[in-house]
Amino acid sequence: SLQTLNPTIDVTTVTEPLTHENALELVSAHDLVVDACDNPRTRYILNDACVLANKVLVSGSAMGTEGQLTVYDCRFEDDDDDDTMDGINHNGDDRKYAEKKKETRRKRRGPCYRCLYPHINASEGCKSCSDNGVLGPVPGLIGILQSVEVMKILTGIGTTMDKRLIMYDSLSCSFFSLKKTPPNPKCAVCSPNFSTIKSMEDSQKINAIARGPNNIVNEKDRTSSSASSSQHNASSTMSVTNLPSNLQISCKEYHEKYKSKNDKPHVLLDVRVKRQYEMCALDNSINIPLNEIKEKIEEIEKLSDGGTKPIFCLCRRGIASAEATRIIQDAIGAASHDGILSVYNIDGGLNAWVEEVDPSFPKY
């Protein structure tokens with residue numbers, strides 16, 4: 001599509017997902033990176049890779065009716081002004097004076113993503129525009145603004161957003177510009193003297209708790225997985241690898257065992273937000289949003305009817321439902337709710353349902 005619009009450009013498509021293993025290689029091979037993702041883990045991965053590779057990161061985000069835009073330019077700048085050293089009495093110790101001068105010169109142009117958000121919120125991953133909704137033109141506008149920043153950076157014209165962050169409110173048609181704080185001198189990744197993230201392996205350890213996109217299953221994992229997960233086609237490569245395979249079931253298998261002729265007694269728990277559930281839902285499903293699962297465990301226990309009905313968790317893509325499955329399974333494991341016999345995640349969610357079971361079901 002891009003080459004049709006502009007046949008003079010070359011487009012190289014990268015089909016593999018961005019991970020800690022390939023991020024640094026991909027980032028290092030390009031002059032500039034544009035972050036248009038919708039989850040914290042990918043943002044942290046991109047940020048750390050850009051800092052380590054000394055690349056500029058143009059970041060945009062959108063949620064609901066609002067959007068944000070900024071540029072993370074954490075490259076070292078050459079400080080030719082020696083005035084900062086004039087008041088230092090080096091007492092003839094040229095080595096210490098030189099080290100101090102070098103330290104003063106090693107200054108970042110601006111803060112990185114970790115400078116602004118040093119603490120990972122493990123629950124933020126479910127707040128993606130695809131799962132929580134976004135007004136269509138908002139990400140479009142943010143994307144246009146990102147493209148302008150890209151052209152300014154590559155051509156060296158204008159003033160970029162490396163020192164500022166813009167917030168856009170579509171309901172009031174207003175832009176609010178914030179001055180960003182200076183680089184955090186003790187940032188885990190961009191600090192010249194206190195950084196603890198010196199490789200993507202270090203980044204992976206710290207980012208482990210960050211919520212992100214579900215991982216694509218590789219061929220090795222697919223071969224060794226259970227019979228139920230091995231029935232998935234390419235469209236259901238949305239298996240959440242952190243969830244044990246015995247707690248997952250494919251849409252096709254669920255339909256064959258519980259929704260078709262057999263129609264075995266069970267509870268279909270749709271954990272999407274209410275507005276998405278009201279848009280479209282499977283017959284006989286019950287809506288309890290993910291953020292209410294913990295406080296409604298007793299209600300879910302009653303729905304299970306003394307443990308006689310298994311619980312099946314469903315969402316749009318199988319991400320939120322996997323988390324709901326974990327929460328309910330933890331309650332079962334704690335023996336505090338023995339009225340729930342079993343719980344399963346419907347892998348791939350409603351998107352996989354359209355591909356595997358019912359193509360006429362609305363896909364959004």
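Which residues make a nonpolar surface patch of about 380 Å²? The patch is made by Leu2, Leu5, Ile9 and Val11. Patches here take residues with over 30% relative accessible area and no salt bridge, joining like charges within 9 Å and nonpolar side chains (Val, Leu, Ile, Met, Phe, Trp, Tyr) within 5 Å. A salt bridge is a side-chain nitrogen of Lys or Arg within 4 Å of a carboxyl oxygen of Asp or Glu. Ile9 is found in the loop between α1 (2-5) and α2 (23-28), and is partly exposed, with a relative accessible area of 31%.

A word on the model: it is predicted, so local features need pLDDT of at least 70 and side-chain atom pairs count only at pLDDT 80 or more, while totals for chains, interfaces and linings use all residues. Residues are numbered from 1 along each chain as its sequence is written, and side-chain values use heavy atoms, with hydrogens and water left out.

**The chain as a whole**

The chain holds 15 helices and twelve strands, taken as DSSP runs numbered from the N terminus (helices H or I, at least four residues; strands E, at least two). Of its 364 residues, 42% are buried, where buried means under 20% relative accessible area, exposed over 50%, and partly exposed in between (1.4 Å probe, protein chains only). The accessible surface comes to about 19900 Å², and 52% of this belongs to carbon and sulfur atoms; the areas come from the Shrake-Rupley method with a 1.4 Å probe.

**A parallel sheet and its helices**

Five strands form an open sheet in the order β8-β12-β11-β9-β10, with parallel pairing. β8 and β10 (285-287) stand at the edges with a single partner strand each, so one side of each has no neighbour in the sheet. From one strand to the next, the twist averages 35°. Strands pair if DSSP finds at least two bridges between them; β9 (residues 267-270) and β10 are joined by three. Asp270 has Asn287 in β10 as its bridge partner.

Angles run from 0 to 180 degrees between N-to-C directions, with axes fitted to C-alpha atoms, for helices over the stretch in contact.

| Helix | Strands touched | Angle with β12 |
|---|---|---|
| α14 (residues 320-333) | β9, β11 and β12 | about 170° |
| α15 | β8, β11 and β12 | about 60° |

Helix α15 (residues 349-356) is mostly covered, with seven of its eight residues buried, including Trp353 and Glu356. Their cover includes α11 (251-259) and β12 (343-347).

Key:
Contact means heavy atoms within 4.5 Å.
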